Amino acid sequence: MAPLVEMKNVSIAFGGVQAVDNVSISLNPGEVVGLLGHNGAGKSTLIKMLSGAYKMDSGEIWINGKKVQINSPRDARDNAIETIYQTLALADNLDAASNLFLGRELTNAMGFVDDDRMEAETRKIMARLNPNFKKLKEPVSALSGGQRQSVAIARAVYFNAKILIMDEPTAALGVHETAMVAELIQELKKQGLGIFLISHDTREMMELCDRVAVMKNGQMVGAERVEDVTEDDILSMIILGKNPKAAA
Amino acid sequence: MSDQTKIPPKRSFVQTLELDMRLLGMIAAFIIVAVAFNILTGGRFLTPRNIFNLTIQTASVGIMATGMVFVIVTRHIDLSVGAILAACSALMAMTQVRWLPEFLEIGHWAIPWIAIMVGVALGALIGAFNGWLIGYQGIPAFIVTLGGFLIWRNVGWYQTAGQTIGPLDQTFMTFGGINGTLGGPLSWALGLAAIAFVLFAIFKSRHTKATHGFSVKPMWAELTIAGIAVAAIAGFIGVLTNYAVPERVVARDPSRYGCDVAEGCNAVYGLPISVLLLIGIAAVMTVIARRTRFGRYIFATGGNPDAAELSGINTRMLTVKIFALMGALCAIAAVVASARLANHSNDLGTLDELRVIAAAVIGGTALSGGIGTIYGAILGALIMQSLQSGMAMVGVDAPLQNIVVGAVLVFAVFIDIQYRKRVGAK
């Protein structure tokens with residue numbers, strides 16, 4: 001069976017800097033793949049080419065065994081790719097429902113935005129994801145980090161994403177909220193989603209991921225199953241940029 | 001569902017009505033200004049005649065202010081609206097006075113409409129060009145429209161060779177105010193239609209919310225809001241239909257006012273067409289802001305441009321559309337402004353960019369983006385105009401008038417910022 005996502009020999013440069021250099025990576029259904037590396041290693045840049053935020057210079061993206069063109073966030077969405085950004089890409093001045101449906105508003109027969117129906121749908125999905133979520137009428141700037149994160153996650157879940165990209169989903173969260181996100185990742189995994197997870201927290205990654213891929217200076221150091229490596233192995237991959245498994 | 005059956009926490013009167021505090025503040029400010037001037041002028045400020053004049057003086061700036069809300073909400077600015085107004089006015093004047101009469105007889109029914117279409121097309125085109133420079137070429141809106149401020153008025157000047165062009169077409173001039181009013185019966189018919197629509201909208205919304213199982217306001221709150229809306233509409237029409245046409249004006253053309261002779265003819269002005277135009281544009285712009293994707297994207301982009309782009313919104317094209325809309329509104333404002341003066345002169349709309357921006361900002365539009373309302377901008381325009389004509393009536397010296405208006409602008413924004421800090425909003 002073909003992998004859910006295959007990025008083949010992908011490269012992108014900004015000015016003279018080769019941010020991602022000939023990187024290949026794959027993701028299977030029901031699998032969580034963690035991307036690790038220093039700041040500036042190219043993790044976020046790699047993933048932004050999949051989410052349509054950047055356009056790659058060269059390389060190919062295959063989804064379900066078919067080659068696809070992803071030139072914009074809209075193309076990514078059309079391929080059931082949803083992204084939860086580190087910076088929580090929410091419009092602070094709008095309420096939860098408007099953010100959840102941003103770019104894909106429900107409309108009535110006359111083509112007008114149907115706020116009541118969107119609010120009803122938002123209540124439904126929030127009851128499932130975060131039952132404590134009550135502030136539906138307020139702008140999301142009034143919400144806590146965890147509540148904002150659940151709006152971002154609800155967006156991915158509601159639109160039946162098959163491929164989920166999470167860029168430091170727990171960076172802004174407290175302990176309890178982090179546990180909630182971890183639980184949700186397990187739940188989505190069971191439903192057969194493929195998840196790319198970006199984080200700096202090696203221990204967290206060992207717990208959440210099936211495989212970890214390490215990048216350094218825009219290149220792929222290696223991708224290993226978590227049960228095959230120790231935390232020290234991963235750290236040395238991050239710091240030295242060498243794969244001890246490959247050397248052995 | 002369980003949370004909705006709980007007893008809601010105790011809420012204040014205003015909270016229960018779900019009214020916008022900022023709107024209440026602006027209305028209060030407006031009432032204070034109006035009452036103060038009424039006392040200072042010995043009752044001349046709040047007469048049907050002066051209120052009628054205030055509304056027609058506000059129309060042109062108010063029309064542009066609705067567009068400026070969208071521009072400022074997306075964190076841009078448009079300094080060229082007065083200049084675009086002049087350019088469009090020049091083209092419309094030349095079209096109806098110089099060019100079309102060569103093919104059609106003077107007074108032909110199509111002349112004003114062709115002129116308006118040409119003008120609106122020019123306004124939209126200039127605006128779209130501005131938007132393209134800003135959205136696709138990345139030139140800051142401040143610079144593009146500062147350039148436009150110098151360019152477009154002078155393009156108009158070239159077109160007319162600096163001459164005042166007039167008199168404008170008779171039908172065209174009905175958009176100016178005093179030359180085009182609906183009279184008593186038609187004003188009341190429209191007022192009643194508006195009341196019926198408001199009542200329908202309030203209870204339809206209540207019904208929809210109930211269908212979705214949302215909590216709704218208590219019935220008395222709903223009825224209070226409906227009552228205020230009905231009283232406001234009826235009061236407004238009542239005042240305007242109390243402004244009688246002077247007998248010497250009727251005497252010029254009694255048939256226009258439905259009389260055979262001037263004596264005993266109780267004709268009233270009623271709702272001016274220019275004000276009707278402003279109300280219609282405000283309604284359409286409010287629907288755009290609240291109920292269309294275009295409007296939703298404008299506010300999302302203003303709140304977080306990156307989030308909007310990552311959500312698949314084409315923010316560059318959005319910028320072009322917003323500025324094209326702004327340009328088209330400048331052209332409509334040009335119709336009203338030139339029609340009011342019965343001819344086009346090159347200094348038409350001078351300093352309007354500042355009045356329009358001030359109206360939007362006094363009306364609660366935040367320059368940091370993402371926040372603003374159409375009704376606020378129109379109220380802002382009305383407050384500015386009231387201050388200006390009120391001071392003129394009282395006989396305040398010209399330099400002092402500008403000093404007061406400037407101070408009010410800064411003070412209004414100060415209050416707004418304090419209010420937002422207090423309630424913890426952005």
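How many residues does the contact take from chain B and from chain A? I looked this up before anything else, bearing in mind that the model is predicted.

**Entry 1: the contact**

I found that 24 residues of chain B and 23 residues of chain A take part in the contact. Sorted by class, the side of chain B that touches chain A holds eight nonpolar, nine polar and seven charged residues.

**Entry 2: chain A as a whole**

I counted nine helices and 10 strands in chain A. I then asked how its radius of gyration stands against the globule rule. The value is 18 Å, close to the 18 Å that the rule gives for 248 residues, so chain A is as compact as a globular protein of that length. Along the principal axes, the C-alpha atoms of chain A fill a box of roughly 60 × 40 × 40 Å. Of its 248 residues, 43% count as buried. I also checked contacts in chain A between residues at least 6 apart in sequence, and 64% of these join residues at least 24 apart.

**Entry 3: strand β8 of chain A**

I examined strand β8 (residues 194-198) of chain A and found five of its five residues buried. Which strands pair with β8(A)? Strand β3 (residues 32-36) of chain A pairs with β8(A) in the parallel sense over four bridges. Strand β7 (residues 163-167) of chain A also runs parallel to β8(A), joined to it by five bridges. I noted that A:I198 is the bridge partner of A:L35 and also of A:D167.

**Entry 4: helix α3 of chain B**

I compared the length of helix α3 (residues 21-40) of chain B with expectation: at 1.5 Å a residue its 20 residues should span 28 Å, and the end C-alpha atoms are 28 Å apart, which agrees. The buried residues of α3(B) are B:R22, B:M26 and B:F37. These cover an arc of only 40° around the axis, which puts them on the same side of α3(B). An α-helix has 3.6 residues a turn, so residues three or four places apart point the same way. The face turned away from the buried side carries the exposed residues B:M21, B:L24, B:A28, B:I31, B:I32, B:V35 and B:I39. Just after α3(B), I recorded a positive phi of about 65° at B:G42.

Notes. Residues numbered from 1 in each chain as written. Chains lettered and ligands numbered in written order. Predicted model: local features only at pLDDT ≥ 70, side-chain atom pairs only at ≥ 80, totals over all residues. Helix = DSSP H or I, 4+ residues; strand = E, 2+ residues; numbered from the N terminus. Rg over C-alpha atoms; globule rule 2.2 N^0.38 Å. Buried ≥ 20, exposed ≤ 12 C-beta atoms within 10 Å, placed from the backbone. Contact = placed C-beta atoms within 7 Å. Expected span 1.5 Å × (residues − 1). Arc of directions from axis to C-beta. Nonpolar A, V, L, I, M, F, W, Y, C, P; charged D, E, K, R; others polar. Pairing = 2+ DSSP bridges.
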